[in-house]
Amino acid sequence: MREQRMVPEASPDSYYGRPIIKEPTWKTPDVPLYLFLGGLAGASAVLAEGAAVTDRPDLERVARVAAGAGAALGTVALVHDLHRPERFLNMLRVLKPTSPLSVGSWILAPFSGLSAAAAASSVTGRLPRVGRLAGVGATVLGPPLATYTAALLANTAVPAWHEAHRELPFVFAGSGATAAGGFACLFTPLDQAGPARRMLAAGALVELAAAERLTGRLGLVGEPYGQGRPGRLMRTARVLTAVGGTAALVAGRRSRTVSVLAGAACVAASVLTRFGIFEAGTASARDPKYTVEPQRERLRARAAERARTLGR
Amino acid sequence: MSNSLSGPLHDVAGDAGHEAHPPRMGFFTDTSVCIGCKACEVACKEWNLVPEDGLSLTGMSYDNTGALGASTWRHVAFVEQPIGRASRSTDLGMPGMGPPPDATPPAGPGQETESGEGGVRWLMSSDVCKHCTHAACLDVCPTGSLFRTEFGTVVVQEDICNGCGYCVPACPYGVIDIRPGDGRAFKCTLCYDRIGEGMTPACAQACPTESIQYGELDELRERAGRRLGELQEQGVDGARLYGADPDDGVGGDGAFFLLLDEPEVYGLPPDPVVTTRDLGSMWRHVGAAAGALVGLGVASFLGRRR
């Protein structure tokens, strides 16, 4: 067996091994937590409206509260993440389609108000029509709230995020659905929790498939999703999602205990997924090879293409 | 407007909404004549009142500045290379004293020292914000704090910035950063206050070898092309322009460079691309995923009652 080097060989491909791009200054747990809460809230709004339409009052109440509380806590996390929180209202100073954070602020602000109103009405029983109307509004904004955060991460120079821009929205949609379904399973009686279990299971399927495709397609740049702490977070999340999804489908209908445990597993998995993805991105920003090597590869391919065209 | 997000764009200021505006201004940093004096770093700090950001030693080279950041708007990189990697002794046309060019050249001019087999050459380069044609920091800024000036440069309005930090990981060059203790994002303004008065930016003014040249971008590009030709004629194999091509991933830089080795050797990305080039695809996928979430929600309510 060859001896392992204690020090990595000096590489001519970087400036003293320093990162080329800056590591995100976004705070943990604020931002990954917000990613989770946004997904939970957005998908819960959809679940709540379905429950209202199909007359499942207990499920509706739980989901409305999840949507309202998720958005409120998410807003707090997002404002807390600002390095100048007293200027948070500047987020609504302009609307820029090139900035997912701007678009997201314009989704989150009305969603927070609407989902809070819907939750308050659902819990107190007051102003049912206004509450319902607010709920419909939140349902329209919910899916974009759960998925725009993928563009938030992807629209950066961070290799592991940017290169994943096709799959991340689906991972986040699935993860949001598993969280919303899982949360509802925790507090909803069995006879009304059917849609929550199905949402959990379907979300788990979408999330696992999209994450699988993501790491498969990304190659070198996808490495951080499987290594170190982010790798452990992602693997644990995957197991919890698979186990929770399967348990909910197989035995969740008969046993409240199984339903609750499956729900808890899926909520936890959604949290872990967001932290895993967040940390994989920062890891890929720290190591210059994830920035340099794909770009070198691109240049080589372009040069080869040019040579081919000239040779013809 | 076409090419607002990526690709060549001649009139950046016009694209940003400036109707009558001066020509696009920029920097051409010719690293072949940089002597690593760091006058640019000092001049920038002094003029712009940029605070101190660490007086530590990196222990890796004469570069104790490290990298561009919120309080470092010019950064001189020092690269120590074993001879043989790219070079032989060449007169780079450094300004200086000594015999006229037609006299016998003195022994060992240029950037190399030779001492038997252990010779090294030094690459020095003053890095700065690139003031991209397609600036990711500006695109992603949610408050409108970052804006495009009438000179085509990119500047942060510090009275607007709320420190969200989105510009930091968006920059493909790792230039802009949040200043600790202050919370807002800072970077080179290309001395917006000075150039508005017809003055030269502090770094270019202070540069003793004219390694940093300030002027109209079109003119700088021509000048850089000529300089590259000269160096290539003299046999400097590694010489290349970096950021001068309007067809590159950021539509060309407002501040571009003449380098003597691969960009990554200087800590620069070899083929940077503005992230918003893929904006359409990102929003399409987000939309599709949101649609999938709706479908998934509806499907959850189909089928049996329990």
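Why does A:D55 count as exposed? In this predicted model, A:D55 has 9 C-beta neighbours inside 10 Å, and because a residue with 12 or fewer falls in the exposed class, A:D55 is assigned to that class. The residue is located in the loop between α1 and α2 (57–81) of chain A, and its phi is positive, at about 60 degrees, although A:D55 is not a glycine. A positive phi in a residue other than glycine is also found at B:H131, where the value is near 45 degrees. B:H131 belongs to the loop between β4 and α3 of chain B; with 31 other C-beta atoms within 10 Å, however, B:H131 is buried. A further backbone feature concerns the peptide bond that joins A:T28 and A:P29, which is cis, with omega at about 5 degrees; A:P29 itself lies in the segment before α1 of chain A.

The crossing in which α1(A) passes α4(A) is left-handed. On the side of α1(A), the residues that meet α4(A) include A:G38, A:G39, A:G42, A:A45 and A:E49, while those of α4(A) that meet α1(A) include A:R132, A:G135, A:A138, A:G142 and A:P143. By class, the residues of this contact between α1(A) and α4(A) comprise 12 nonpolar, seven polar and two charged.

Helix α4(A) also packs against helix α6 (residues 168–187) of chain A, the two axes coming within 8 Å and crossing at roughly 145 degrees. The crossing of α4(A) and α6(A) is right-handed, whereas that of α1(A) and α4(A) is left-handed. A:A146, A:T147, A:T149, A:A150, A:L153 and A:A154 form the α4(A) side of the contact, and they meet A:L168, A:P169, A:F172, A:A173 and A:G176 of α6(A). Eight nonpolar and three polar residues make up the contact of α4(A) with α6(A), and no charged residue takes part.

In chain B, the secondary structure consists of eight helices and 11 strands. Of the 306 residues of chain B, 48% count as buried, and among the contacts in this chain with a separation of 6 or more, 66% are between residues 24 or more positions apart. Four strands of chain B form an open sheet in the order β9-β1-β11-β10, with mixed pairing. Its edge strands are β9 (212–216) and β10 (240–242) of chain B, each of which pairs on one side only, and the twist from one strand to the next averages 20 degrees. Strand β10(B) runs antiparallel to β11 (residues 255–259) of chain B, to which it is joined by three bridges; in one of the bridged pairs, B:R240 has B:L259 of β11(B) as its partner.

Strand β4 (residues 120–128) of chain B is largely enclosed by the rest of the structure, because seven of its nine residues are buried.

The contact between the two chains takes 70 residues from chain A and 57 residues from chain B. On the side of chain B that touches chain A, at least two residues each are supplied by α3 (136–140), α4 (167–170), β7 (177–178) and α8 (279–300) of chain B, and the largest share, 15 residues, comes from α8(B). Divided by class, the residues on this side of chain B are 33 nonpolar, 15 polar and nine charged.

The largest nonpolar core has 185 residues, and those with the most contacts inside it are A:A180, A:A184, B:C137, B:C167 and B:C171. The largest share of this core, 15 residues, is contributed by α1(A). When residues up to four places away in sequence are not counted, B:C171 touches A:I21, A:K22 and A:A157 of chain A, together with B:A136, B:C137 and B:I176 of chain B.

How values were computed: Residues numbered from 1 in each chain as written. Chains lettered and ligands numbered in written order. Predicted model: local features only at pLDDT ≥ 70, side-chain atom pairs only at ≥ 80, totals over all residues. Contact = placed C-beta atoms within 7 Å. Nonpolar A, V, L, I, M, F, W, Y, C, P; charged D, E, K, R; others polar. Pairing = 2+ DSSP bridges. Axes fitted to C-alpha atoms, helices over the stretch in contact; angles between N-to-C directions. Left-handed = near helix turned anticlockwise from the far one by under 90°. Core = buried A, V, L, I, M, F, W, Y, C linked by C-beta atoms within 7 Å. Buried ≥ 20, exposed ≤ 12 C-beta atoms within 10 Å, placed from the backbone.
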